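This report describes a single protein chain for a reader who is new to structural analysis. Please keep the sequence and the structure in view while reading.

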Amino acid sequence: MTIKKPENIILILLVCCAILVLATLTRYFCLLTKLDLFTANIVFLIVVVFSVAVYISINSLIDNFLLPRIISSKVFERKESANNEIKAGLEYIPNNVPTNEIRETFQETSDQKKQKLLKQALQYSQEVFAPYASDSELLRLCTFVEMYSNGEELKSIQPIKVDKQLKVNDIYHYGWNIWNHFRLTDQLSISHFLKMVFAPTLQEVSKIKTIKKKLRIPDSNCNIPIKYKLSN
């Protein structure tokens, strides 16, 4: 029992009063039976000590044995009630929900979004590089962009050769635009993509991290500016 709680303090005071009343009455009864005062006082103390011991024993029994069982019983009843409510709620869930159709519709919608993003990226790439690359180079570039959009790794590819009018910063800007359009990977991945696909233009750039740091480098003289949105 927590003594600091007001209700517990009141209970202890009431018990003490009851013990004192009982001990006083017992002492008075002893005096009425013509026992001497010393013996009556001893009986008073014995009654007080015995009553306190009985109270402490009963209180300990309640706190250590009865109360935990009562609490456990109530917790179990609440869990049972909660489980019954859940079971009752599940009975109202319809079993004829077309989950497979929902998944298929979701997948179709997701595929359509991917195809739309890819189409926009390919159109943008063709428009940007058409003045600076041959048709065969454009075709390979579109293939590489599609592989990037699918998360495929580029290995042993033939790099794209573009006109010398396009500088390193143009390639950086193009890479950032493609990365920002798809948002599939981190910028290190698109930097690696640029290093492989535009190897001739970036031949003097040895580190991928250097490309990453300069993807959005300001340059007003670039032929390929930064675009936050590829679609019009």
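What pattern does the protein chain follow when read along the sequence? The pattern is α-α-α-α-α-α-α, and the chain holds seven helices and zero strands. Helices (H or I, at least four residues) and strands (E, at least two) are DSSP runs, numbered from the N terminus.

The model is a predicted one, in which local features need pLDDT of at least 70 and side-chain atom pairs count only at pLDDT 80 or more, while totals for chains, interfaces and linings use all residues. Residues are numbered from 1 along each chain as its sequence is written, and side-chain values use heavy atoms, with hydrogens and water left out.

**Burial and exposure**

Of the 232 residues of the protein chain, 27% count as buried. Buried means under 20% relative accessible area, exposed means over 50%, and partly exposed lies in between (1.4 Å probe, protein chains only). The table lists several residues with their values.

| Residue | Relative accessible area | Class |
|---|---|---|
| Glu137 | 12% | buried |
| Arg140 | 18% | buried |
| Asn41 | 31% | partly exposed |
| Phe50 | 57% | exposed |
| Tyr228 | 57% | exposed |
| Lys209 | 59% | exposed |

**Salt bridges**

Side chains of opposite charge can pair when their charged atoms come close. A salt bridge is a side-chain nitrogen of Lys or Arg within 4 Å of a carboxyl oxygen of Asp or Glu. How many salt bridges does the structure hold? There are two.

One of them joins the side chains of Glu137 and Arg140, with an N to O distance of 2.6 Å. Both residues lie in helix H4, three residues apart, which is about one turn of the helix. Helix H4 covers residues 135-149. The side chains of Glu137 and Arg140 are also joined by a polar contact of 2.6 Å. A polar contact is a pair of N or O atoms within 3.5 Å; within protein, one must be able to donate a hydrogen and the other to accept it, and residues adjacent in sequence count only if both atoms are side-chain atoms. Glu137 counts as buried because its relative accessibility is 12%.

Glu153 forms a salt bridge with Lys155, and their closest N and O atoms are 4.0 Å apart. Are Glu153 and Lys155 buried or exposed? Both are exposed.

Helix H2 spans residues 37-90 and includes Phe50. Phe50 belongs to a nonpolar surface patch with Phe38, Ile42, Leu45, Ile46, Val54, Ile58 and Ile62, and together they have about 770 Å² of accessible area. Patches are made of residues with over 30% relative accessible area and no salt bridge; like charges are joined within 9 Å, and nonpolar side chains (Val, Leu, Ile, Met, Phe, Trp, Tyr) within 5 Å. Accessible areas come from the Shrake-Rupley method with a 1.4 Å probe.

Asn41 is also found in helix H2. The side chain of Asn41 makes a polar contact of 2.7 Å with that of Arg27. Asn41 and Leu31 are ten residues apart in sequence, with their C-alpha atoms 9.6 Å apart in space.

**Helix H7 and the segment after it**

Which residues form a positive surface patch? They are Lys207, Lys209, Lys212 and Lys213. Lys and Arg count as positive, and the place of a charge is taken as NZ of Lys. Lys209 is placed in helix H7, residues 208-213.

Tyr228 lies in the segment after H7. Its C-alpha atom is 9.6 Å from that of Ile178, although Tyr228 and Ile178 are 50 residues apart along the chain.
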